[in-house]
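Subject: Structure for your attention

Dear colleague,

Please find below the structure that I am handing over to you. My notes on what was found in it follow directly after.

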Amino acid sequence: MALRNILKEGDETLSKKCRPVTNFDKRLHDLLDDLGETMMDAEGVGLAAPQVGVLRRAVVVLETNVPEGEPEQIIELVNPEIIEASGEQVSPEGCLSAPGRFGMVKRPDRVKVRAQDRDGNWFELEGVGLTARAFCHETDHLDGHMFTELCDHIMSDEELQDYYQSQQQDKP
Ligand code: ZN
C-alpha cells in the first residue's frame, strides 16, 4: 500500500470521463488499497481513481454512519451507478482536489448505488446523509465533474463559520 498524490482542480485529468474497470486483478486491488489509505491520510470521506490520475471507474467512500464505538468503514465501489435517489439535503461540500474550498451543494438525502466489489461481484448499497452525498460526489468524478460546477459560489470563511454556528444553534 502506498499514498498517492491527489491531483488538484485545474488538472485536465479531473475533467475526463473514466473507462469501466474490466480486470479485477492485483492492479485494481492495489489501486483500491491506495485510494483507501490516501483518503484516510487526507481525512476525506471519499476519493475517486481519477483524483490520483487513474481514469478508471473506481472509488472509495467512508461510511461514517456507524454505531458509536465501531470503526468507520471504507466502502469500495467499482463501476458504480446510482440507481435510486430520494429526499434532499443542502450543505457545504468540499473535495480533496480543492483543498479549503467549500460551496453549498444540493444532493439527494438517500441514494442507492449498484456497483461491483474488488472481485467483480455486483451488489447494491444504500447511503444516507453524508454517505449519500459522497456516493454522488465520487460518481460525478468518474464523469469528469467537480462539485464546483454545482454550487453558485465558493464560500468565504465567514460564510462557513456562520453556517456551522447556525447548525449548532439548531441542535436541541
Ligand atoms: Zn472530490
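Donors are taken here as N, O and S atoms within 2.8 Å of the metal (3.2 Å for Na, K and Ca); water is not among the atoms, so sites may look incomplete. This is a predicted model, in which local features need pLDDT of at least 70 and side-chain atom pairs count only at pLDDT 80 or more, while totals for chains, interfaces and linings use all residues. Residues are numbered from 1 along each chain as its sequence is written, and side-chain values use heavy atoms, with hydrogens and water left out.

Along the chain, the donors of the zinc ion have the spacing C-x41-H-x3-H. They are Cys95 (SG), His137 (NE2) and His141 (NE2), which coordinate the ion at 2.0 to 2.3 Å. Cys95 belongs to the loop between strand E4 (89-93) and strand E5 (103-107), whereas His137 is part of helix H2 (residues 130-142), so the pair ties together parts that are 42 residues apart in sequence. Helices (H or I, at least four residues) and strands (E, at least two) are DSSP runs, numbered from the N terminus. Cys95 is buried, at a relative accessible area of 10%, and His137 is buried as well, at 6%; buried means under 20% relative accessible area, exposed over 50%, and partly exposed in between (1.4 Å probe, protein chains only).

Ser97

The loop between E4 and E5 also holds Ser97, which is buried at 1% relative accessibility. Its side chain makes a polar contact of 3.0 Å with that of Gln51. A polar contact is a pair of N or O atoms within 3.5 Å; within protein, one must be able to donate a hydrogen and the other to accept it, and residues adjacent in sequence count only if both atoms are side-chain atoms.

The sheet and its helices

Five strands form an open sheet in the order E1-E2-E3-E6-E7, with antiparallel pairing; two strands pair if DSSP finds at least two bridges between them. Strand E1 (46-48) and strand E7 (122-128) are at the edges with a single partner strand each, so one side of each has no neighbour in the sheet. Strands E2 (residues 58-63) and E3 (residues 73-86) run antiparallel and are joined by six bridges, with Val60 opposite Glu76 in E3. Helix H1 (residues 26-41) packs on the sheet and touches E1, E2 and E3, its direction making about 40 degrees with that of E2. Contact means heavy atoms within 4.5 Å; axes are lines fitted to C-alpha atoms, for helices over the stretch in contact, and angles run from 0 to 180 degrees between N-to-C directions.

Yours sincerely
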